[in-house]
Amino acid sequence: MKKSVLLLAVCLLLAFAGAAQQDQSHFDGKSWWSYVKVLADDNMEGRETGSAGLKRAEAYVVEQLKSNGLQPAGSNGFYQPVKFESRTLDEKNSSLALVRNGKAEPLALGNDAIFSTRIDLAPSVEAPLVFVGYGMDVPEKNYSDLAGLDLKGKVAVIMAGSPAEIPGALSSHYQSPSERWKTFKKAGAVGFVTVLNPASMDIPWSRIAVNRLHPSMSLQGKEFDETAGEQTSITFNPEKAGKLFEGSGHTFKEILDIAKDRKQLPRFPLAVSIQAKTKVIKEAVESANIVARLPGNDPQLKNEYVVLSAHIDHIGIGEPINGDKIYNGAMDNGSGSAVLLDVAASLKKSPEKLKRSLLFVFVTGEEKGLLGSKYFTEHPTVKPGSMVADINIDMFLPIVPLKVLTVYGLNESDLADMAQQVAESKGVKVQADPEPQRNAFIRSDQYNFIRHGIPALAMQVGYEKDSPEQKLFKDWRTQRYHAPSDDLNQPVDLGAAGNYEEIIRGLMVTAANDSGRPQWKQESFFKRYAEHGGGQ
Ligand SMILES: [Zn+2]
């Protein structure tokens, strides 16, 4: 008797618990974290593009996708192989100097400046320097930093950042390496020195410098080389930038003061030339994107795809910081890859009626310059033109409760309107990028979808301006972004992660079932890519 009462009580309790769970969100953050724990484990060695660690992480992802009933949609099962060339600077055989009145003043690589091997550096460059302000030409706004300057055969010195008068999406676009080079190549320039702007530096110089010999990569194939003809690319430590300006009639302090308020900068020739000698070691590397499909049911619309993308690569093993050399990339971007897996699992557990199909894309080579997504959008494994939207997740940072959602690409497409509706229906406020000068809109894989005419956006856990949360995010970037401490021993807000996933899932389902394909807004700058066919 007693026993059966107890049993009944237990049964009732279980039934209640079950009902309560059903009413609640699909996601509690715990399942998400269980995926992050695998992807950011030391065993994955920081998931560097082409590494054995990344291959292990990808094999795990494929297993999970299979067990959740997704179909392979790569070119080789779930995989789409991608070929790279890696480039490492041989620093012992490289040097950098300023030349003033015919006399060379050597610069210390690491301390003063570093070479970027993202471009195919010419072995030897000597050229006069011209300061070009932010180095931006924005015809749509009649704005030109290049107007009236003679740049033929010269190296342009750029202050990182953008003038406040140029809207965020537009200024991001014109600061992308390919757009920028297009403009300067036309003006006859041969390279860049970029002076970092202390007002918008994510990572302190010391951390940038310590990993300067980490290999860069580019996609194999001439068609992917958007910086052909660029001979040199140098990043300058702002604390040492004063020497660039000596004798020019301007000081670096004066430039910094104007740049801090994002006002228009003066532009003028400098009194020094740059002398760069480099030796670069090149190697072939192979990696892969992962593509999986969840088919829709509408006889017509099932041939269209709503894409959910995230980069799975990170930066691997680097210089030790506090004795730790594994750059685990738990938030960057184990967190985003885990959302894809968790959403896939939840759609198996509680299926939805879907008209369009869903495509889950895990891209490689993001940290090398959005390369995996560049390859995928150029060579999609589904029919060209069939991808109607991309929702990209990169480092969504659930480190505070999700009250505000930052949408990159808000006001650009009705996909963003959809995201806003879904978020607000769950009691989450939506805001545009509060820090457009950080260029987040072009700094992750959504940008390659945008360049192929596909309405795209990215979303992150947001914060109000000047709030205590803003400081938390800033500290996170300074201390953990691209550091070994972006690992499993950091505080995360599981509730925020779960709520974020709920919005992602809601947006996927809404976009999959909407009667029309998402469209760029009439006034959106990015609409032009869709109109020109966007290479779809
Ligand atoms: Zn990153």
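Ala-511 sits in helix α14, where helices and strands are DSSP runs (H or I over at least four residues for helices, E over at least two for strands) numbered from the N terminus. The model is a predicted one, so local features need a pLDDT of at least 70 and side-chain atom pairs count only at pLDDT 80 or more, while totals for chains, interfaces and linings use all residues. Residues are numbered from 1 along each chain as its sequence is written, and side-chain values use heavy atoms, with hydrogens and water left out.

At 0% relative accessibility, Ala-511 counts as buried; the cut-offs here are under 20% relative accessible area for buried, over 50% for exposed and partly exposed in between, with a 1.4 Å probe and protein chains only. Setting aside neighbours within four places in sequence, Ala-511 is in contact with Val-306, Arg-356, Leu-415 and Met-418, contact meaning heavy atoms within 4.5 Å. As for Pro-198, 313 residues apart from Ala-511 along the chain, the two C-alpha atoms are separated by 40 Å.

Two of those contacts, Leu-415 and Met-418, belong to the set of α11 residues that meet α14. Helix α11 covers residues 414–425, and its axis comes within 9 Å of that of α14, the two crossing at roughly 130 degrees. That angle makes α11 oblique to α14. Axes here are lines fitted to C-alpha atoms, for helices over the stretch in contact, and angles run from 0 to 180 degrees between N-to-C directions. Under 35 degrees counts as roughly parallel, over 145 as roughly antiparallel, 65 to 115 as roughly perpendicular, and the rest as oblique. The crossing of α11 past α14 is right-handed, which applies if the near helix is turned clockwise from the far one by less than a right angle, anticlockwise being left-handed. On the α11 side, Leu-415, Met-418, Ala-419, Val-422 and Ala-423 take part, and they meet Ile-503, Gly-506, Leu-507, Thr-510 and Ala-511 of α14.

Another helix pair is α2 (residues 30–39) and α9, with axes that come within 8 Å and cross at roughly 130 degrees. These two helices are therefore oblique to each other, and α2 passes α9 in a right-handed crossing. Residues of α2 that join in include Trp-32, Trp-33 and Tyr-35, while the α9 side includes Met-331, Leu-341 and Asp-342.

Asp-332 (OD), Glu-367 (OE), Glu-367 (OE) and His-482 (NE2) coordinate the ion at 1.9 to 2.5 Å. Donors are N, O and S atoms within 2.8 Å of the metal (3.2 Å for Na, K and Ca), and water is not among the atoms, so sites may look incomplete. The donor residues follow the spacing D-x34-E-x114-H in sequence. Distant parts of the chain are linked this way: Asp-332 is in α9 (residues 330–349), and His-482, 150 residues apart, is in the loop between α13 (468–479) and α14 (494–513). What is the geometry of the site of the zinc ion? With angles of 55 to 142 degrees among the four donor atoms, the site is irregular. Four donors count as tetrahedral if all angles lie between 85 and 135 degrees; four count as square planar and six as octahedral if opposite donors are over 155 degrees apart and all others between 65 and 115, and anything else is irregular.

Asp-332 is buried, with a relative accessible area of 2%, and His-482 is buried too, at 16%. Most peptide bonds are trans, and most residues other than glycine have a negative phi. Asn-101 has a positive phi of about 50 degrees although it is not a glycine; this residue lies in the loop between β3 (95–100) and β4 (103–106) and is exposed, with a relative accessible area of 77%. Asn-142 likewise has a positive phi of about 50 degrees, and its relative accessible area of 76% makes it exposed.

Helix α10 (residues 371–378) has six of its eight residues buried, so it is largely enclosed by the rest of the structure. Phe-376 and Thr-377 are among the buried ones, and the cover includes β2 (79–89), β14 (280–294) and α12 (446–450).
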